[in-house]
Each structure stands twice: as C-alpha cells, then as structure tokens.
Amino acid sequence: MATPAPVQEAFLRFVNVSKSYGPTTVLRGIDLEVARGECVVIIGPSGSGKSTLLRCVNQLETIDGGAVVIDGVPAGYELRGGRLRELSRRAIDRQRSHTGMVFQHFNLFPHLTALQNVAEGPRGARGLSRAEAERIASEQLALVGLAERADAYPSELSGGQQQRVAIARALAVEPSIMLFDEPTSALDPELVDEVLAVMRSLADAGMTMLVVTHEMGFARSVADRIVFMDAGEILEVGTPDEVLEHPTHDRAREFLARVRD
Amino acid sequence: MLDPTHADDSALRAAASQPLIRRRRPLQWIATIVIAVIAVQAVVLLAANPAFQWDVVGAYLFDGKVLDGLWLTVWLTFVVFALSVVLGTLITVLRMSPIPALQALAWTYVWFFRSVPLLVQLVFWFNIGYLFPIIGVGLPFLPPFIEIESRNLVSSVGVAIIALTLHEAAYAAEVVRGGLLSVPPGQREAAKAIGLGAPRTFVRIILPQALRAMLPPMGSMLIGILKATSLVSTIAIADLMSAVSAIYNRTFEVVPLLVVATAWYLVLTSALSALQWYIERRVGRGFVRRGTRTVRTPKIRVPEGAL
C-alpha cells in the first residue's frame, strides 16, 4: 500500500475504523488523514465501502471499532479514562451540524420550498430566528446560482437545481467539512456539470471535502489526493497522477481501465 | 425497405393539413345509455314502491328525537376519532421505539383490540362491573389509596367512548405507523445530516409527509367510526340508530325509519368525504405540481425579509 504523504494538520482522521453488517465486513481497519482545506476523492467499485466510510464521518453509520476524529474530537464518542465511551444522542446531533452532507438522491424535503429547505438547518440546528435563517438561506441559494428559485418546491426544480439546493442546505449550517456521496450519479448527463462547477468553486474556496464519485475528470482536476478503495480496504492513496496513472495494485488498474472508457 | 406512405409523400402532406379524424367509441355511448336506464329504473323503483312510505320518511326526517340522536352520533364520532388518534399515535411511538418490551406491549395491544369484535367489546365494557366491581388506585402489592365502585365510575356514554376508542386506536396505530413508514429513510438522514434533533425532525420533516399518506385511511377510519357508533344502540345510548329504532318499535314503520337513518348517515358521510378532500388538498403542498416540470420560465419573486 502506498504510504500517505505525512499531513501537517490532520483535520479528519480515520484510525483503524472497522464496520460490518452481520457477517459482511464493509470496512477493514481504515486509516486515513485529511488535511484542513484538502479535497480528497474516494473512488472504487460499488460495494467497496466508500459510501459507508463517508457516512461514518457524520455518524449516519455507527462504527464497530476504531475512531473517526474530526478536528481532534472523536465522532460519537468521548475519550475518558483511556476508553472511548458513546456520547448521548443530543451530543451526537450537535456534532453532526459541524459536517455537511450531499446525497446521491438529493433528499430534499419535498413539502418545503428551496428557501425553507436551506433555512431548516440554521433554524433547527443553530437555533436562529426565522428571519435570520432565511437571510442565510437566500445567501446560500445565491451562491449556488438559485436565488430566483427560492420559492420553488423541489418537484418544480431540475435534478441539477435540486442538487445545488441540497449543497446550499448543507452549507447553511456552516460545516467545517463537506461530504459528497455520489452527488452526480442520479443526474442526467447534461446536468452534471452545473453541480460539479459548484463543488469545484467550493474546493477552490478552501473547504475541506471528502467526495465519493465516479466522475474521473472531476477527480483528476479538483482532488488534492485520490483514495482507491476495494472490499473495505484502502489500496491506493496519492495525488491524482499517482493513483490514476500509476496505480500499484492490479485491482485498481482493472477498475480504472473499466471506468476510463 | 420503403414505407407505403413514403412513396406518396404529396398525399400524406395533403392529408396532414386536414384535421385528424378520431376513432369513434360506440361502447362509451352504449355504456352511458345502459347505466342511465338502470339509474332511472332504480329511482322509479324506490319512489314508486309503497313499502318505503316516503310520507313517513318525510315526517320523521327532522323529528326532535331523530335530531337529538343525530347530534349524539356526530359528537361521539369526533370525540372517539380524536381520542383514538392520540392513543393510536402513542401506541405507534411505543411500537417504533428501540425498546423490545415497549414494542411487545404495542404489538399486543393492536393484536388484542383488533381481534375482538367491537360489539363484543362494547357489551363487555358495559358489564365490567361484574368482573371488577371495585376499582382502586394504588401501587402494586400495596393497599389502594382510592376505591370506587366501577358502576359509579362512568356513565354508559363513557363506556361507549372507552370501548370505541380502545378498538379504533388499534386501527389508528396501524394507520399512523403506515404513514411514518411511507416517508423515505433518506428524509430522516437528511434531517440528521443538518443536525436536527429527533423532536424537530419528527415535527417538521417526518410528520408533514407522513400525514399525506395517513389522510386517506384516516378518512376511512372516521367514516368507519361514524357507522360503528350505531352499535352503541345495543347499550341503551340514544344515538341516531337508537332514535329510529325506538320509533319503529312503537309504530312498526321499520323501513321508512331505516331510510331516515340511511339518509342521515349518507349526509354525514358525504360531509366527512368533502372535509377529507379539502384537507388532502391542503396537505399536498410540494407534491401536487403547481406547473410543468424543470424548464419553466422562473417567476422571479424573492420573499419578503429574505434580503
């Protein structure tokens, strides 16, 4: 396995993270460090554990062993008396609002308008007033280029627009890290670019990002590092050039040959 | 291979400039006529049959006793509906809790109260005094603080409310559970991901969407309760059904008085259906498309106070 380059300021750390669903092991002792402001793209065949790894960061999945550490704080646990002890649900809810997540199927709230979708986090999680939350929400919608669709319900928006609203919603809680779980996989091909453009500008602005995607063009041009996963393990970590052009594992070579055409 | 129309392009062009001729659908017309004839016959049959005694129907439709019974039926329906939705929601909360003992309790409740016929439950609760003549309040295995004779505890209307509610709550629990299950799990995840706590997620995200799925069966349940209240006539409560049966037991005009009851039940059911239609439309926000999808010229309107 390619040893990761030493990271000066590890903002996100996976320490020997393991997870299984019944008899199936989905994560086998994952170790990975992500620096502040870094954009790390995770690639790999389906079922390799990429999404699960992402979902462990904001605790949509619980881990069976190891630790996920965000900005020095273990996610979902506290270090006390030399052991990691599970936190209360409330404390976990609070931790979650420091991460933003964008889902493959957008998961917008269908009964709320675009503006209400984005304002929900600031209102519900940060406890802001309605006016203040909606001010933040319209700012965020403007940043993703959807200021004039604030009053539209999700069903009235195109897939690309819905995903941009979802990005605005995730950003509205002012997360310190953004997680993208195959954000363009459910989109029509001509709508992919508008979403990738928003993600690219976010990376340029210095947001720490962890992205699971099959968009190799995006990975090559935006990622600081690429991680290749297979069968619950990290097989390759390195710059886009290292991983995409000079993979050291056969499984990585096979996968890249398949997605390249 | 050449399409036959392709050879004669000018004829096709000429035909295409003419209005299209739609296919005739004679079956539609035949069906309409047949149904109309049957409908007219049915009306004639009802109106002309002397056994219905329409004059008697007219005389009792707004009879004071009948209207009193009607009023009791109406409020009993709404009270039982409201209580069973509350109790049913509570049972669903237990059912969906992560604690196995609570799940088992909820399951047992639904199993029992859905299994025993409502009429049996009504008569059973009416006679509860034989089973538990004295009801006491206290701690387990200690002498009770308060003791009340159970036949003094609740009136027969109280018995009706209890029996109907316990029965209907079992159904309400299933309706609520079905509604909650209809909300895709991605919604809960999205709410978690932006840091919403469980109570806010439930009230703001899950419930409004679940409500949409719950309304049609809730409407049926409400109408079901309306009709089920007619069973309370068996425990001497003066509802609509008791009122008409009291009259026909005296006058033997059974059919016209059953028509009176039927007419009122139809009126009430129609009103409830209209109410359901109205509420469903209001809860449909964001689900019923206001315009066509995607490429639509956006109407530019920034909400007040947003900037």
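Helices H5(B) and H13(B) are roughly antiparallel to each other, because their axes cross at roughly 155 degrees and an angle over 145 degrees counts as roughly antiparallel, under 35 as roughly parallel, 65 to 115 as roughly perpendicular and the rest as oblique. In this predicted model, local features need pLDDT of at least 70 and side-chain atom pairs count only at pLDDT 80 or more, while totals for chains, interfaces and linings use all residues. Residues are numbered from 1 along each chain as its sequence is written, chains are lettered from A and ligands numbered from 1 in the order in which they are written, and side-chain values use heavy atoms, with hydrogens and water left out.

H5 spans residues 64-95 of chain B and H13 residues 240-251, and their axes come within 7 Å; helices here are DSSP runs (H or I, at least four residues) numbered from the N terminus, and axes are lines fitted to C-alpha atoms over the stretch in contact, with angles from 0 to 180 degrees between N-to-C directions. On the H5(B) side, B:Lys65, B:Val66, B:Gly69, B:Leu70 and B:Thr73 meet B:Leu240, B:Ala243, B:Val244 and B:Ile247 of H13(B), contact meaning heavy atoms within 4.5 Å. By class, this contact has six nonpolar, two polar and one charged residues, where Ala, Val, Leu, Ile, Met, Phe, Trp, Tyr, Cys and Pro count as nonpolar, Asp, Glu, Lys and Arg as charged, and the others, Gly among them, as polar.

H5(B) also packs against H10(B), residues 156-181, with axes that come within 6 Å and cross at roughly 50 degrees, and the two helices are therefore oblique to each other. Their crossing is right-handed, that is, the near helix is turned clockwise from the far one by less than a right angle. The residues of this contact divide into 17 nonpolar, five polar and four charged.

H10(B) is in turn crossed by H7(B), residues 118-126, at roughly 140 degrees, with the axes coming within 9 Å. The contact includes B:Trp125 and B:Phe126 of H7(B) and B:His167 of H10(B), and its residues divide into 10 nonpolar, three polar and no charged.

The largest pocket is lined by 30 residues, of which A:Arg89, B:Pro98, B:Arg188, B:Lys192 and B:Ala198 lie nearest its centre. H12(B) gives the most to this lining, with five residues, and the lining has 16 nonpolar, seven polar and seven charged residues.

Technical notes. On a 1 Å grid over the protein atoms alone, a cavity is a set of points where a 1.4 Å probe fits but cannot get out, and a pocket is an open set with protein on both sides within 12 Å along at least five of seven lines; lining residues have an atom within 4 Å of a point.
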